[in-house]
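Welcome! Take a look at it first, and then we can walk through its parts together.

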Amino acid sequence: MDQKRLEKLLKQQQGLGPIDRICPLQKGQSPDEKYILYQKDQEKYILRIASIKKYDKNRTIFGIIRNFHKKGVKCLKPVAFGKTSDHQYCYSIVEYLQGKSGNAILPGLTKSQQLSIGIAAGEELKKLHALKAAKQKLDWFDLRYSKFLNDLKTFNDLKLSFYKDKYVLDYLESHLDLMKGRPYRFLHNDYNVRNIIINNQEFNGIIDFDAFRWGDPLHDFYKLPWGSKSCSVWYVQGEIIGYCGGRVPDSFWEMYNFYVMLNLHRRLVWAYQKNPSRIPIRQKIIETIVKEHDLKSNKKPSWFTC
């Protein structure tokens, strides 16, 4: 969007106050336009502009964030949402969350600080999972199992493979009943170190709710052994401890192990579709994950030492 249209849009927003500077925000994989709005040379708001086709989805996300913020969840504070006058775009404005993403900060902190931030992040994730879906169209088992079968078919059609894939598939097929009767709640669906903000060596909030879904809360942990663990194993351990209230029950590990394995085929298919040259890297990561996770007794992975 050109500068004049941006300025016109902002003039229509009562209560924002004078905006001194508008700077593009190049972050994330979303095609939406993002801008940081400055007041008195300080980051004050984030403006996001998307195609009008995303109006309903973005309005839902805005409403969910507003609900969480009112309930005291540490997340972006919603300010405004609407359509441009020409009805070609929808926009949202939220207050800027001070700090930097976890992947940029955690490696430079002490183990104790990383663990503490992870505990705080786990406690906030627990709050997100308290939100129940207004309507549940499908049983979680039916919904997730059908997606897995589609992933598995594509995986086989592409003739992909990974370390002990037959062993993993046997494990999954013998533990499918674990998904039956599970709660159906809000899922952030991309809760990782890139989407938490740290300020002054402390957890300061959650960002990027774009990928949200509804389902079993523990499904939100399946990405931990990927980017978050490679960034900070202490953070990952803290997130689990904070989520579980200090003591991690065996029932958590049972579901955690299952969901980590349930998503391996999908992760490799996704890599193939996005960038086939990365397949060997993904296969190596999967090999490490399978070796680190206890599928025989369904207990904690080898990296969980707390």
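This is a predicted model: local features need pLDDT of at least 70, side-chain atom pairs count only at pLDDT 80 or more; totals for chains, interfaces and linings use all residues.

- Five strands form an open sheet in the order β1-β2-β3-β5-β4, and their pairing is antiparallel.
- At the edges are β1 and β4 (78–83), each of which pairs on one side only.
- From one strand to the next, the twist averages 20 degrees.

**Strand β2 and its neighbours**
- On one side, β2 runs antiparallel to strand β1 (residues 21–24), joined to it by 4 bridges.
- Within this pairing, Ile-22 has Leu-37 of β2 as its bridge partner, while Arg-21 stands opposite Tyr-38 in β2.
- Strand β3 (residues 42–51) is also antiparallel to β2, with 7 bridges between them.
- Here Tyr-35 finds its bridge partner in Leu-47 of β3.
- The hairpin of β2 and β3 has 2 residues between the strands, and Lys-40 takes a positive phi near 55 degrees there.

**The helices**
- Helix α1 (residues 3–11) packs on the sheet, where it touches β1, β2, β3 and β5 (89–95).
- The direction of α1 makes about 110 degrees with that of β3.
- Helix α2 (residues 55–70) lies across β3, β4 and β5, and it runs at about 165 degrees to β4.

Methods
Residues are numbered from 1 along each chain as its sequence is written. Side-chain values use heavy atoms; hydrogens and water are left out. Two strands pair if DSSP finds at least two bridges between them. Axes are lines fitted to C-alpha atoms, for helices over the stretch in contact, and angles run from 0 to 180 degrees between N-to-C directions. Contact means heavy atoms within 4.5 Å.
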